[in-house]
Each structure stands twice: as structure tokens, then as C-alpha cells.
Amino acid sequence: MAEFSTPTSEQEFQLNFAQLKPHMNRTEALYESSRCLFCFDAPCIKACPSGIDIPQFIRQINSGNETGAARTIYEANYFGNACGKVCPTEVLCEGACVYNLQDVKPIEIGRLQSYATTKVIESGKKLFGPRADNGKSVAVIGAGPAGISAACELRALGYAVDVFEAKSQPSGLTVYGVAPYKITNEEALAEMAYLQAQFGYNTHFNSPINSRGKLAELENKYDAIFLGIGLGRTNELGLPGEDKINCTGAVEFIAELRQHHHEVAVGRKVIVLGGGNTAMDAASESARLGAEQVVLAYRRGKDEMGAYEFEYDLAKGVGVKGLFNVAPVEIVGNGYVAGVRFVRTETTDGKVQEIAGSEFVEPCDMVIKATGQAKQTEFLSLISGLKLDGKGRIVADAHTGQTSNPKYFASGDAWNGGAEVVNAAAEAKLTARGIHAYLSK
Amino acid sequence: MPDLSINFAGIKSPNPFWLASAPPTNSGYQVMKAFDAGWGGAVWKTLGVPVVNVSSRYGGVNYRDKRLVGFNNIELISDRPLADNLREIEEVKKRFPNHAVIASLMVQSRQEWHDIVRQSQDAGADGFELNFGCPHGMCERGMGSAVGQEPKILQMIVEWVMEVAQKPVIVKLTPNISDITEPAMAARRGGADAISLINTIQSIVGVDIDQFAPYPIVDGKGTNGGYCGPAVKPIALNMVKNCAQHPDVRLPISGIGGIENWRDAVEHILLGASSVQVCTAAMHFGFGIIREMTSGLEQYMVDKGFNTIYDFVGKALPNVLPWEQLNMKYKVTANIHEEKCIGCQLCYTACEDGAHQAIRLNAGTRVPEIIEENCVGCNLCSLVCPVEDCITMDRTDDGTQHLTWRERTEAGDVPVEFNDEKAGGRHHWVPEPTAALGKERHKTLPGKARVLNGETEVPAGV
């Protein structure tokens, strides 16, 4: 296979990781916006977790009012540009476009959305600002889609906001976890800078909140605390040999890739364990980094994979091969990964069962585990009275995001268990209003 | 194969497609190129005392991504010396003896008219078109539409021309008038052989909202121009029909206005034109469009069994009646073909807000439903529907009854008082006015206020 040769420079990396949704120019935006039917009570709006008035912003683009279009988008979703690029639009707005029912290509809503937001970001035009100081302050833990969205909305409501982030950059998975062909670091960070310039929240990077003492400090200093902490590291599989060199977690692998691009080395033959969207990303990325063979190993059948169909198609398109109905038993090798011992499985009545005596070793020199992220239960246990559900998710009020510790509010992956950027952005906006309602009592 | 050739008031042409008098017929080079491409005739860019033009001459009307659905110009008649034009007319006629070359003319005095007609005749022009239509610039000098708007003056000039013309004379009419048949009749009284219409419509195609000046902008200023292009076809068709139906006009008509393809041409012909003229489309796409036009016309004639153009000139005219003669017993009702519906609900919102509240939405489906008893058969829903044949207007009367407004008037059966029981809307259901309030508010709020987790509240002041 090897559709891609190993990138040895930033230029080569950019070629291998070319943007799936490149920017539109004015002409393309005009043509595409002209195709929109402007449906009544449009299905695309309903399909958007943040409820952006899509026909409205498309009409605004069409009439040459890009600033108004961007305002429409940002009014509903502070990650407007990021969502335009990284949202699984195929299953959200674009999937709901009525053109699909006519066997006509749906409107490229994501790209139109990024077109409008990129315009205002580049122009630096100020669309919003903080409301006059109301004398209260909120600490936001985590500068991801949830945290930054909450910070913007809280500033708009007049709160002083301090955002604490363990990493050195904002936007969370947008810059640390999304595949590089979906959004570049530059544009993700440009949107963050644009938002901060307008709303004026304070950010504290490389400032992990990871002890009872630090939490106590925040509790004393702030009127409320917003938890936008997301998820943790890749789950351990508990397999023998998991600690071998070149056996890595997908989340960690992608974070490295986003930061170091072509400097990240990949094996000649990579096995990716998992069937979710992150597995598809890791597999695609391995291929684009020049791996000669990439095998996607999943313990159930192809149709049972959690990944969106278009994500699997994307992986297949770069030469990734699927290996289904196999469960990893051991990572083999002498210090370095040399292969994965699998056992074949069959699914009966929805239950995966191993087939005795069917073990085999699939050789490889790299294993990427895309088997889900752990919840940050250890950290969360430091917050008194904070309830988690059976899956380790924060329990919070559906309307206000308020947790069982009334001073704490939550949104995003730590609450919903792991969803899209758009979900975190939409939830955080609501939760910010929940905080406002609570502190206005 | 059908015969596309025409004999228009004595002017012979291999097909009915002529280039209208305009920039595409400014020179022998262009006309030869056009004939080479397949055009049947050309009306030369108007000859007269040559003019001086301004720079920045055309303006366009775009609709969404479609360019030049409307077009206007502030260019005047030919700015080239008459001798050059006449020499080139002669050259073209020598090379293309069977094609139609018509000299468009615009001068002022009787002597000038006589001189220019004679000289054009000598150059070999097959006919003349008197430009009484130009609505910008020239009319300020008492020519063009200034003549077309004064039937008596128009008639007088036609009479001057007829004194010396030995070739057919076409009078080109301006649409900038309330009744087009008046100048048409004046042309006939003056002795003209044919009429052509419409010339451009006085227009401002747009305003530069940053410079606060109308297009096209000449050094920060602008002026009204002449409007043409696809957008004017409906106006042209109606005026062609008016002239074709008028019992006192009875002149061959060269149809002009919004013709871009064979269909447009057929429509002009069906309403009475026996030649058609094209300008904007050639200015937009070049002379090559003629191939689509002739092949389309030919195919149409084959499909319909027409042998010559004259088999269908004016064929739609008997079906164009005054409103009072339409059958009021005819009834169509909208019918949504569910299997084709894509759920855009444009029909719903159009009928709900723009018509008669005859479409309802039902829970659990995006396919709207026609409320038959409210449907007046206006067509609006079928016009906004983006899916072909998804909404059809089906006849629902039994076809046995026929009653016109005229007949009702004659029978004394029409509403005459303000609250007359006989009026149409009198018994038609309309909703209570206040039922409108807040009905769709939840669907038009900004995104963040939309129903999310059951909340619809908009935070104050944000």
C-alpha cells in the first residue's frame, strides 16, 4: 500500500494531511450559498446540537453580509469556526439537508460556516464584548470547547472569569485531539485569540488544578467553579506486553502528532485497536505518516463499529485494512512491539465470545490503542459531594449543568461521557446561564 | 427537415434569428463572424451622426450566483463614421448575399432621413429599422424613445422615410409608454412595413451602496440606462402579444426582449413574432449560442410537425384573452405527491404567509398537507417547490361548466357594494388575526435561544 511517503518536512506533512474542508473563496461561497433552499423550520438547524440558524447565516453570506453571518454563528456557538471544520457534519447539519432526499449533494454547511467565521477572525472585527462587571467571579477548569465557551458566555453576563489549563494552549481536543486534516493548529488558536480579545477572560496555562489544596483556593476565591475537564488518558487494556516500546494510546499519539507533525515517527506496520472514530483517525494518520501497512483491528463485525461510516471510508481511502472479529490477547515482542496475539471472536446474542484455539499473531512494529479514554475520577473525587454516575460521568442538572456540589457546574466530555466539540460548546453556553441563574438568586 | 427560413415583410433570412442593433453589430467584422457562426440576420448598430460615448457603459443585475439576469447600458448609437459603416455593410452583403442586413437609423431632419436611407440603400442594406426606442441619451436630444413616445411625430418621420425607401421599413418601438399599440398603429399609418419590439426599458440597474451612485458609474455619477436581458422577456412578450392581437396594427413583428435560447424564441413566435432579435445573450456568451438556438428550434418544429416558422407564428394568440373572458368555473387544487417531497416546507410557509393558509404541518412528518377546502388553486406552492412534479395543480371541477366575469356582469351577478355577498372572499375561511401571534417565534429565535434541553429563554441584553 503506502499511499503516502513518510513526510520529512512541514511542507510534505501539509501535503499528506491536506485539509478535508479547505477554505472557500468568495465565489465558491456565493455559488454554494445560492444553492440553499432556505427551508422553513430547517432540518439542518434541528440537527445542530448548538442550534445555529443555518439558513439565516447562509442567506447572509449570499447577500454579502459575512459579518452578520459570523454573528449568527457565534451567537449560537463560540466554536463556530472549529465546528465548521471538525463537526461530523455528514451526520449532523449536512446529513439533515433536504437535498439528500432528492439525491442532490447537500449544502456544504460546515465549509460555509468556516468561510464566514474565518472572515471575521481575519478582520478582527469585534462582534461581542463583556457586559459591565457584576462583581462576581467564576473559575473555569479546562480551556477546551466547554471551558472557553463557558468563559465567553459568563463574560457576556458580566462575570470575571479565570480559566485554568494544564496544557500550554487553549481549545482542548481541537488542537490536541482532532485529526490534523480537519483543522490546523493555527486556525484553532486564531479563533481562541479572537474570542479572548473580545470577551477578555483571563487564561492561566500550564496551571493544572490537581490537588485538594488548589481546589480549596478556587472555592474560596470564586463564586462558582465550572468543570470543563474533558476525559483523561487512553484506557489501559490490561494486556500482557502493553508496556512495550511503540505501544501507545491513540489520544497520546494524536496529541503528539498535532504538536510535532512530521517529527512524529510511525511504525512500518501499525495495528490500531478499536472501532470508534478515534481509531479511524489514528489509522488514517498512521497511513499519512507513511506506514506501509495499517490494520484496524476490532473485536466485533464491521457493521458494529462505533465510528461514523464516513470516518471508516476516510480510513479505507488511505489504504487502511480492517481486521474484524478479533480480540487482542497479548502484545508480543522483546522490549519493542513485534506483533499482537489475537483470538478470533464471534458475536452471539450481542455478546462477544472468543473462539477457543483460534489464536494467531499478527506481526507489526507499532500498536495504537484507541479503546476509549478514562474518566478523571481520581481528580473528581477531590471535590466534596460531587456525584458521578456508574460510568464515571459527572451528574449534573440537564438544564443548568449544576452538580451535586452546588458551587460546581459541568459541561462537555466529563459530563456527557465523550461527544463532539459542538456538544461541549452548546452545553457550556447553557451551563453558563445556569451559573448566572444560581448566582443571581 | 423543417424550413427555418423567413421572409419578413420582404426581408429574406435563412433563419429567424437576427442580432439586434447593439454593440454586437458595431462592425463588419462582428457581423461577418456572426453570419459565419449561423445567425440569419443582423440589424446594424444604429447609424446617424456619430456620437461620443462615455467610459463605463454597462450595468448588470445578478440574481444570487447568476450573472446578468438583467443588463443595462448607457451607450449611444454608432460612434463610427457613416462611410465606414456603409462600406462594411456593402462588404458583408457581398460575402453573405442571402443573409439579412438591416440598417438601423436615427437622425433628426427630413433631409437627414432621406440622405441616410438613400445611402444605406446604395450600400446594399436589405431593409431599415427606425430606432424610435433608445431611452437614454439620444432621447434627451429629441430622438429615440422621444419619438417613440409621440405617435404623431413617429408617423411623420415614417412618412419621410417612406418617401425614399425602396426596401422594407421596420419601426422599432419603445416600451417606455403606457400603450404600445398606439405607436404601432402610428407606424402603420405612416406606411411602415413592420414593427420590432421591445427596445430597452428605462432603468437604474442598481446603486453602489458605498459610493451612493447608480450603476454604471461614470466618475462618481450615473444616469438612467436601457434595461434588457432575460428579466425583460415577460414585458416584451406581453407587448408583442398586444401588437399582434390589435386589429389595427396588422404588421409583421420582430420580437425582441430576453431571448437567450430556442424556447424564448418559440415563445415570442407563438405570440406573433415572425423574426426574433437577440442582443444581451450574444454580449454575454458570444455568437456561438446560435447553434443551440437553431438546433432547438429545429427539434421543436420536428416534434410538433411544423414545416415552416409560419406554421406557428401567433399560435398562442387565440388563447390569450382578457381576464373577463376566463372561465371562473375552472378549479385546480394543489396536490403534494408525498413520495417526491423532500420536506423543505417552502410550500407551507409560502401558503401560510403569502397566500391562503391552505397547507398544514402535521406532527411526525415534514411532508405538509393541503387543506383542500382552503386551497384557491393559486399555484404558489407548486411554484416555490424545488422538486419537479412534486406539487401538481390538479383539476377538480368536472369540466362541464363555463362562466366568465363578462357573462356574470351581463347577467347582473357581480358584487357591486362594499360588503357584497357575491364577492369571492366573503365566504372564504381566514384564521383569527391573533392566532398569528407567536406562532412561529420559537423557530426564528437566534440559535442559542432555541430549544435546548427544554429551554427557550433568551438571556437579557446579550
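Which element supplies the largest share of the lining of the largest cavity? In this predicted model, that share comes from α9(B), which contributes 3 residues.

**The largest cavity**

- The lining of the largest cavity is made up of 38 residues, and those that lie nearest its centre are Ser21(B), Ala22(B), Asn199(B), Thr200(B) and Cys279(B).
- Two or more lining residues are given by each of the strands β6 (66-73), β8 (127-131), β14 (225-228) and β16 (273-278) and by the helix α9 (280-285), which belong to chain B.
- Sorted by class, the lining of the largest cavity holds 20 nonpolar residues alongside 13 polar and 5 charged ones.

**The second largest cavity**

- For the second largest cavity the lining numbers 16 residues, of which Cys36(A), Cys39(A), Cys44(A), Cys97(A) and Ile107(A) are found nearest the centre.
- At least two residues of this lining come from each of α3 (43-47) and α4 (54-62) of chain A, and α4(A) gives the most, with 3 residues.
- The class composition of the lining of the second largest cavity is 16 nonpolar residues, with no polar and no charged residues.

**The two linings by class**

Methods. Residues are numbered from 1 along each chain as its sequence is written. Chains are lettered from A and ligands numbered from 1 in the order in which they are written. This is a predicted model: local features need pLDDT of at least 70, side-chain atom pairs count only at pLDDT 80 or more; totals for chains, interfaces and linings use all residues. Side-chain values use heavy atoms; hydrogens and water are left out. On a 1 Å grid over the protein atoms alone, a cavity is a set of points where a 1.4 Å probe fits but cannot get out, and a pocket is an open set with protein on both sides within 12 Å along at least five of seven lines; lining residues have an atom within 4 Å of a point. Helices (H or I, at least four residues) and strands (E, at least two) are DSSP runs, numbered from the N terminus. Ala, Val, Leu, Ile, Met, Phe, Trp, Tyr, Cys and Pro count as nonpolar, Asp, Glu, Lys and Arg as charged, and the others, Gly among them, as polar.
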